[in-house]
Structure formats: C-alpha cells, structure tokens
Amino acid sequence: MKRLLFVGDVVGKAGCEFLCSELGKIKRKYDIDITVVNGENSAQGNGITRYSADMIINSGADIITTGNHAFRRKESLDIFDEDYIIRPANYPEGGVVGKGVCVLDMGAYSVAVVNLMGTVYMEPLDNPFAKIDELLPQLETPNIFVDFHAEATSEKKAMGHYLTGKVTGVFGTHTHVQTADECILDGHTAYITDAGMTGPEISCLGVDVKPVVDMLRFRMPARFKEADGKCFLCGVVTEFDEKSGKSHKIERLIIK
C-alpha cells in the first residue's frame with residue numbers, strides 16, 4: 001500500500017509559510033509517499049509565481065496543480081515549463097502554455113496526476129468529461145489522481161461518479177471550504193467534493209473579512225488583501241494499492 005497526500009488550495013504568503021512549517025511533520029506522521037498541492041492562489045495578490053511555486057516544492061511537494069488563476073501572473077508563465085507544475089488539461093489546444101498531466105516515476109510503480117477545471121459558473125473551457133476520456137487511454141498506469149477545480153458541487157459529484165472505477169482518486173478544489181463527504185466510491189475511487197484550503201483560518205477564503213463583507217453589503221468595489229492571523233492546512237490522505245490503482249482509505253486532514 002502507498003499513501004498520497006493532497007493539500008487544498010494554498011493561499012498567499014501565509015499559506016506558503018504554514019505549508020513549509022507543517023508539511024514535513026505531516027509526511028512523517030502519515031508515512032506519505034507522494035504529495036500533491038494545489039498552488040493556484042499561492043502568490044501574494046493571487047495566482048502563482050516562481051517564488052511561491054519554489055516555496056511549495058521546497059516544503060516537500062512533488063506536484064503542483066492549479067486552476068482558473070493559473071495564468072494570472074503573466075510574468076511567471078515560464079513556470080509551466082516545469083513538468084511538476086500543471087494546469088487544467090481542458091484549456092483549448094494551441095496557444096496555452098503548460099500541460100495538464102504529470103506522471104511520477106516511482107521506480108516500481110508510477111502515478112499520474114491530472115488537472116481538470118469545471119465549466120459550470122466557470123470559464124467556458126473544453127468539456128472536462130470529454131477531455132478525461134481522451135486522456136485516460138494515454139496513461140500507462142492504474143494509479144491516476146484527478147484535481148477537479150470546479151465551482152459547482154453537482155459538477156464535482158458528477159465527475160466523481162463518472163470516474164468511479166476508472167481512476168484512483170478525484171479531489172475537488174476551488175471553493176476553499178473542506179467538505180465532509182470523503183468516501184471510497186464502489187471500492188475503488190477515493191473522492192471528496194472539496195479538499196479545503198491552506199492559509200488564514202479566520203478569513204473569507206483566505207482574504208481579510210471586512211472588505212469582502214463591505215463589497216457584499218454595499219455592492220461597491222473593494223480592494224482585497226490576505227487575512228492576518230493563525231493558519232490551518234486542509235487536505236486528504238489516500239491509501240491505495242499501487243498494483244491495481246484501487247483506493248482503500250481516504251482521511252480528511254485539518255491541521256491548525
């Protein structure tokens with residue numbers, strides 16, 4: 001049996017620093033073999049930069065996934081030349097930097113991580129269901145994990161059920177609030193609707209509370225900033241059989 005740790009959206013400098021302080025301890029405690037971190041909000045002011053990506057990798061991550069803020073920082077698009085940083089695979093072909101799949105060679109086995117983005121209440125990318133159908137026959141490993149970066153819980157649930165028996169795990173990201181529906185679907189596929197976030201706990205999805213409340217209350221533009229205060233780390237640990245690609249256990253984590 002092997003264990004994969006998936007960490008929910010890391011938010012800003014505080015989130016990166018908390019990840020650096022806690023990830024090594026978590027990996028030792030749970031005997032983690034592979035670590036995947038969503039880093040699309042890891043830079044100060046949103047997006048991902050070389051600096052924030054390096055912080056995540058240096059903390060102990062093997063692969064960084066992203067989402068709708070992947071290309072927010074135009075000065076850092078070259079980070080997607082790295083094999084270990086991926087963006088949603090269902091961006092239209094041609095003219096988009098990066099790739100949507102990373103395959104880790106672990107010697108006796110390999111693990112594929114696929115990044116997809118939903119289209120309900122999100123950008124009109126290519127159909128994520130059609131894209132994963134296209135990708136799966138190309139992956140020469142039974143150990144396949146999907147970061148499905150989506151807004152609608154219904155779309156995430158649908159993807160989990162669609163991929164049941166086809167992949168090892170489907171982990172939702174983007175909404176930053178960890179859900180309590182972790183399960184093993186049909187004895188094969190680990191699933192959670194949203195893995196949560198890593199960053200300031202007393203916040204609005206990592207952002208200082210007052211500007212968000214003011215914007216929603218008065219409907220006036222507001223400048224958001226990263227919240228202060230103590231952080232937490234949210235994610236899941238999945239135990240899987242590397243020979244069959246079947247998950248046997250998924251456990252939610254909230255580290256404060």
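## A charged network and the overall count

Arg3, Asp31 and Glu239 are joined to one another in a network of salt bridges. The model is predicted, and a search across the whole structure returns 16 salt bridges. Side chains of opposite charge can pair when their charged atoms come close.

The side chains of Arg50 and Glu82 form a salt bridge, with an N to O distance of 3.1 Å. Because Arg50 belongs to helix 2 (residues 50-59) while Glu82 sits in the loop between strand 4 (63-65) and strand 5 (101-105), this pair ties together parts that are 32 residues apart in sequence. Arg50 is partly exposed, at a relative accessible area of 28%, and Glu82 is likewise partly exposed, at 25% relative accessibility.

## Helix 3 and Glu93

A salt bridge also links Lys131 with Glu93, whose closest N and O atoms are 3.2 Å apart. The pair connects distant parts of the chain, with Lys131 in helix 3 (residues 128-135) and Glu93 in the loop between strand 4 and strand 5, 38 residues apart. Lys131 counts as buried, with 5% relative accessibility, whereas Glu93 counts as exposed, with 64%.

In the salt bridge between Arg252 and Glu182, the closest N and O atoms lie 2.8 Å apart. Arg252 is in strand 13 (residues 246-255) and Glu182 is in the loop between strand 8 (169-173) and strand 9 (183-185), so the contact ties together parts that are 70 residues apart in sequence. Arg252 is partly exposed at 32% relative accessibility, and Glu182 is partly exposed at 26%.

Notes:
Residues are numbered from 1 along each chain as its sequence is written. This is a predicted model: local features need pLDDT of at least 70, side-chain atom pairs count only at pLDDT 80 or more; totals for chains, interfaces and linings use all residues. Side-chain values use heavy atoms; hydrogens and water are left out. A salt bridge is a side-chain nitrogen of Lys or Arg within 4 Å of a carboxyl oxygen of Asp or Glu. Helices (H or I, at least four residues) and strands (E, at least two) are DSSP runs, numbered from the N terminus. Buried means under 20% relative accessible area, exposed over 50%, partly exposed in between (1.4 Å probe, protein chains only).
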